[in-house]
Amino acid sequence: MKFFIDTANLDEIREAHDLGVLDGVTTNPSLMAKEGIVGFDNVMKHYKAICEIVDGDISAEVIATDYETMIKEGEDLAQLHPNIVVKVPMIKDGVKAIKYFSDKGIKTNCTLVFTAGQALLAAKAGATYVSPFVGRLDDIATDGLVLIEQIRQIYDNYGYPTEILAASVRHVMHLVQCAEIGADVVTCPLNVITALLNHPLTDSGLAKFLADHKKANS
């Protein structure tokens, strides 16, 4: 399974990259705004900076909701770097745009997916990635992991190459369960990735090893 980090913070991206397990980055307008990145030129410059850190797919989201403007924005983003993946919302014009980009050889990430039917449409249109939002479904008392399972079965049934990119992953159990049920990619904040390192028995075991070493060499 691939690990993507869901952020626009360059320091967090560098830290995840330096850990040696990072495969890519996902961003969105909210994450850009959180880092104070505003204005077309600044946003484009920031995407380029991310591409200089990570040698993997970088999802960059269009702002438009109409077909023609999505195409214009998506083509501008795709020209920035070969690793840019154009992130498109799951709406009617978004599906049409995914088909256009797919025919042009431009990678896409269909975002804001909440049903298996939406994921099927995205795959039919040729999306590179589909992003079901696990945590947001949990927020409305719906099991987001069941959606991952449904999409996995559908894609396997028909051999769709679209990769399942589990999004809105908020904690370690989300991440591990997504791996268990066959998500191709998980995107999450840095703290979820680093939390995989933690276990009290690891900490106590290491403390004992170090204490024993100190005694043996005192």
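Which residues in α6 meet which residues in α8? In this predicted model, local features need pLDDT of at least 70 and side-chain atom pairs count only at pLDDT 80 or more, whereas totals for chains, interfaces and linings use all residues. Residues are numbered from 1 along each chain as its sequence is written, and side-chain values use heavy atoms, with hydrogens and water left out.

Ala116, Ala119, Leu120 and Ala123 in α6 meet Leu147, Gln150, Ile151, Ile154 and Tyr155 in α8, contact being defined as heavy atoms within 4.5 Å. By class, this contact of α6 with α8 comprises eight nonpolar, one polar and no charged residues (Ala, Val, Leu, Ile, Met, Phe, Trp, Tyr, Cys and Pro count as nonpolar, Asp, Glu, Lys and Arg as charged, and the others, Gly among them, as polar). Helix α6 (residues 116-125) and helix α8 (residues 144-158) pack with their axes 9 Å apart and at an angle of about 40 degrees, and α6 and α8 are therefore oblique to each other. Angles under 35 degrees count as roughly parallel, over 145 as roughly antiparallel, 65 to 115 as roughly perpendicular and the rest as oblique.

Helix α5 (residues 92-103) also packs with α6, their axes coming within 8 Å and crossing at roughly 30 degrees, which makes α5 roughly parallel to α6. In α5, Val95, Ile98, Lys99 and Ser102 meet Leu121, Ala122 and Ala125 of α6, and the residues of this contact divide into five nonpolar, one polar and one charged.

Methods:
Axes fitted to C-alpha atoms, helices over the stretch in contact; angles between N-to-C directions. Helix = DSSP H or I, 4+ residues; strand = E, 2+ residues; numbered from the N terminus.
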